[in-house]
Amino acid sequence: MTVMDKTGQVVEIYRNNKTEWSQMTRDMVQIARKWNASCLIEVNSIGDVVAEIYKKEYSNTHHFVTTSKSKNEIIEGLILDMNQTQVMIPSEKLFSPLYNELQSFTYQYNPKTRSIRYGHVPGLHDDTVMSLTICNYHRKTHANFGTYNYVANSKEW
C-alpha cells in the first residue's frame, strides 16, 4: 500500500505480506481513514475479491485493471514524474524494499511488435514499484476524490 499526497510526496507505505488478508485489509482501511484517502485497488485475479471486501469497509475505493497497455502507460507516467521531480519517495533507510525493486526494475523491447514490456528481473519482485505507479496514476487522474491517494497491489496479498 502506498499513500501519496496531492503534491506527489509519498507519506506512508504499508507492506505486510506475512499475515492474513482480513488483517491486512483492516490495517489498510485504518491507514486510508487516517489520511482521508481516495483508494485505487488493482483488481486483477485475486484482487477482485479483496477489493470488494475492502470497498465494503471503505467507500472511497475505486478499481484499477492492469493490462499490458495500462501498465506501460502508468509506468511511463511515473518515469516522467520522477524525472521531473513531481514524485518524492521516502529515503532508502525508511523503506529499502522500494529502492531494491526500483534498482532491479527493467524493460524488454520486442523489435517484431515494437513494444516494451516493463517488469522485474526473474526471481525478484516489483510489488512496491507497481503500488507506487498505480498510486501516482490515481493522484493525477482522481485528484478531486480525497486528500491523499492510496493503492493496494493485490499481488502482495
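Two strands are taken to pair if DSSP finds at least two bridges between them, and helices (H or I, at least four residues) and strands (E, at least two) are DSSP runs numbered from the N terminus. The structure is a predicted model, in which local features need pLDDT of at least 70 and side-chain atom pairs count only at pLDDT 80 or more, while totals for chains, interfaces and linings use all residues. Residues are numbered from 1 along each chain as its sequence is written, and side-chain values use heavy atoms, with hydrogens and water left out.

The protein contains five helices and seven strands, arranged from the N terminus in the order β-β-α-β-α-β-α-α-β-β-α-β. Of its 157 residues, 47% are buried, that is, under 20% relative accessible area (1.4 Å probe, protein chains only). Among contacts (heavy atoms within 4.5 Å) with a separation of 6 or more, 62% join residues 24 or more positions apart.

Strand β1 pairs with strand β2 (residues 10–13) in the antiparallel sense over three bridges, and I13 of β2 is the bridge partner of T2. Four residues lie between the strands of this hairpin, in which G8 adopts a positive phi near 95 degrees.

The axes of helix α3 (residues 68–83) and α5 come within 9 Å and cross at roughly 80 degrees; axes are lines fitted to C-alpha atoms, for helices over the stretch in contact, and angles run from 0 to 180 degrees between N-to-C directions. Helices α3 and α5 are therefore roughly perpendicular, a term covering angles of 65 to 115 degrees. On the α3 side the contact is made by K71, I74, I75, G77, L78 and D81, and on the α5 side by M130, L132, T133, I134, N136, Y137, R139 and K140. These residues comprise seven nonpolar, three polar and four charged, where Ala, Val, Leu, Ile, Met, Phe, Trp, Tyr, Cys and Pro count as nonpolar, Asp, Glu, Lys and Arg as charged, and the others, Gly among them, as polar.

Helix α4 (residues 96–104) packs against α5 at an angle of about 95 degrees, with the axes 8 Å apart, so α4 is roughly perpendicular to α5. Here P97, L98, E101 and L102 of α4 meet D127, T128, V129 and L132 of α5. The residues of this contact divide into five nonpolar, one polar and two charged.

Methods:
Parallel < 35°, antiparallel > 145°, perpendicular 65-115°, else oblique. Buried < 20%, exposed > 50% of the residue type's maximum accessible area, 1.4 Å probe, protein only.
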